[in-house]
2 protein chains.
Amino acid sequence: MGITIRKIAKDLKLAVSTVSKALRDSHEISDETKRLVFEHARKLQYVPNPYAGSLKNRTTRNIAIVLPEVADTFFSNAINGIDSVAQAKGYHVMVYLTHESREREESILEELRSGRVDGILISVSVGVKRDSAVHARLAQDLPLIFFDRVCDEVATAKVLTDDFEASYKATTHLISKGCREIIFLDTAAGLSITDQRRSGFLKALADHGIKNGDRHVVQCSEDENESLDTIQKVLRRKNKVDGVIGSVEKLAIQTYTACHACGLSIPRDVKVLAFSNLQIAALLAPPLTTVVQPAFEMGKAAATLLFKALARKVDLRTERIVLPSVLHERESTQ
Amino acid sequence: MGITIRKIAKDLKLAVSTVSKALRDSHEISDETKRLVFEHARKLQYVPNPYAGSLKNRTTRNIAIVLPEVADTFFSNAINGIDSVAQAKGYHVMVYLTHESREREESILEELRSGRVDGILISVSVGVKRDSAVHARLAQDLPLIFFDRVCDEVATAKVLTDDFEASYKATTHLISKGCREIIFLDTAAGLSITDQRRSGFLKALADHGIKNGDRHVVQCSEDENESLDTIQKVLRRKNKVDGVIGSVEKLAIQTYTACHACGLSIPRDVKVLAFSNLQIAALLAPPLTTVVQPAFEMGKAAATLLFKALARKVDLRTERIVLPSVLHERESTQ
DNA sequence: CTATTTTACGAAACCGGTTTCGTAAATAAA
DNA sequence: TTTATTTACGAAACCGGTTTCGTAAAATAG
């Protein structure tokens, strides 16, 4: 059992309330008494129980990050951004991994209605609908902010990148390099971000006179092997693919693996480009052209917004922040 | 304000204690009453406040992971391993990033004595002494388990890899490939793991008749640019370096960058090998030979141990788990 | 010097659960 | 039928803080 405020009160023959007030530096307490209390608290190495007071003022100084996975450079950098703000504000970060399971995500959110955290930052998993009732209800109970992967139709704050524009630019880049038979590797379920990226892709194709854009979109699986298989089949088909866009990081890696397996040379046979935050993209064979999202900044922006909401300084329902991605041209699209 | 047990009691004209017991399926309550309570709780979407009861039975179902950073494949995979166990046990995971700052780590640990979490899994940052008093004291207050980077002299559980042996093997591998002028890139401060790895390296050199092993150890900086600079200088020195071992992942990446900058060919001019969990090591130019730690399993083992401790089924002071690393030979050491 | 205000502190309620203990009613044992 | 034991529930204390409110003593005003 740790040191409590009552132990200090007893030792000093003071009332608990006096000690509590002294520690909170209340004007009701004399400087002399405060000194005594602080000194004794320090001697006993008193650390207040965070959840005791939390009951009364219903605030835990905990926030939750809910995301598909942590072994992904975008997400881990976003966590860094969030953590940088949280640490500065004296908040604690709880991490919840959904592993791209809608069911798991929903049960986690259900649990978070309990008051374990004061607010939530979330990047939804595949399979979550854009008007998810679970997310909508949670957003009414406590501050909820979407970052990157959002539920468009849930009325709360969103922190995004310019996915449509970035994808349009990336596609144009491939076209300018001479690609005509470009494949857009899509994720299994409709993620908000890949929807945007696909739209940008299709618009670019259309604007450059490439017909039947839909034919260029390939649905991949969540299962790694299955997905790898799909990509290989596509690369081997008759009308030769000369460009590939990976809509998420994983697919870029799989594309490289698939090209190696099919004996295709990047960028000679096929040019590859991906949405990815891999720091070592430049060290790959060959260096990979990437659309890099400002992951750290997005996390930071989302967290900053959350703390504003906790201070009731903003109405989350109308907040929407869009940060720009950057295209890094490298050898894979030379 | 959420739904409380008192609200349910009032609605049903029962005592709070009755509702509490009913919800916990106490034998003191009749099946009929339980049914009523459960039904009403469900209708009201009651979610118990986790910290209310936590006051009485001093348990939060929260555990903390304290680590240097999350944007690192070893750590993010370890988190996955920990999370897999925690989720299964119904525990919640708090993540604390130290960013390799001893001061920050210590202040975090100090805060964790408050009862915010039931136990701690930690991989210490550089600069933490092997007999850190802060860590030792915390280990007395609540279950603390070191994983990977440990404080040898703090008497509590440790989950490690066979760093000495793995490094010995890795060095032998380089020697067998003809390397004589092998450089061991060490981290700035003495981490337990790099100490072990350095020892294994030196032992292998000695066993193969290479004198003055210490001359082969190069201290790198925590600062990325500074470290890169150091590596480049080493690569350019007169008695040509023909092998490099990166003791941590970051250094491997920097070595690649440095070789590119110096115009050195891997593996022709210099063979490179690193302790790294990068999944895409095989896609680098050239594919990197790595010593891979069982990150996920280590996290899992550490978490499992923690839950055993929470169930008072083990004495952490004597626990020590060592898992094997695996050497993946690739082109960088061909 | 009395009346009023301020200062400094204590008693107790409260937050939302859990747990102990007491007890009326129902059931079983004698 | 009387006594002993269960059964099913309620009252209240408790966990460790915060906060409200009441009040002696000290300071200030009149």
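Exposed means over 50% relative accessible area, buried under 20%, and partly exposed in between, with a 1.4 Å probe and protein chains only. The model is predicted, with local features needing pLDDT of at least 70 and side-chain atom pairs counting only at pLDDT 80 or more, while totals for chains, interfaces and linings use all residues. Residues are numbered from 1 along each chain as its sequence is written, chains are lettered from A in the order in which they are written, and side-chain values use heavy atoms, with hydrogens and water left out.

Side chains of opposite charge can pair when their charged atoms come close. A salt bridge here is a side-chain nitrogen of Lys or Arg within 4 Å of a carboxyl oxygen of Asp or Glu. Over all chains, the structure holds 44 salt bridges.

In chain B, D315(B) pairs with R317(B), the closest N and O atoms being 3.2 Å apart. R317(B) is exposed at 59% relative accessible area, whereas D315(B) is partly exposed at 35%.

In chain A, a salt bridge joins R215(A) to E181(A), with 3.3 Å between the closest N and O atoms. R215(A) lies in the loop between α9 (192-207) and β7 (217-219) and E181(A) in the loop between α8 (163-176) and β6 (182-186), so the pair ties together parts that are 34 residues apart in sequence. Helices (H or I, at least four residues) and strands (E, at least two) are DSSP runs, numbered from the N terminus. E181(A) is buried, at 13%, and R215(A) is partly exposed, at 40%.

A network of salt bridges links R130(A), D152(A), D186(A), D195(A) and R198(A).
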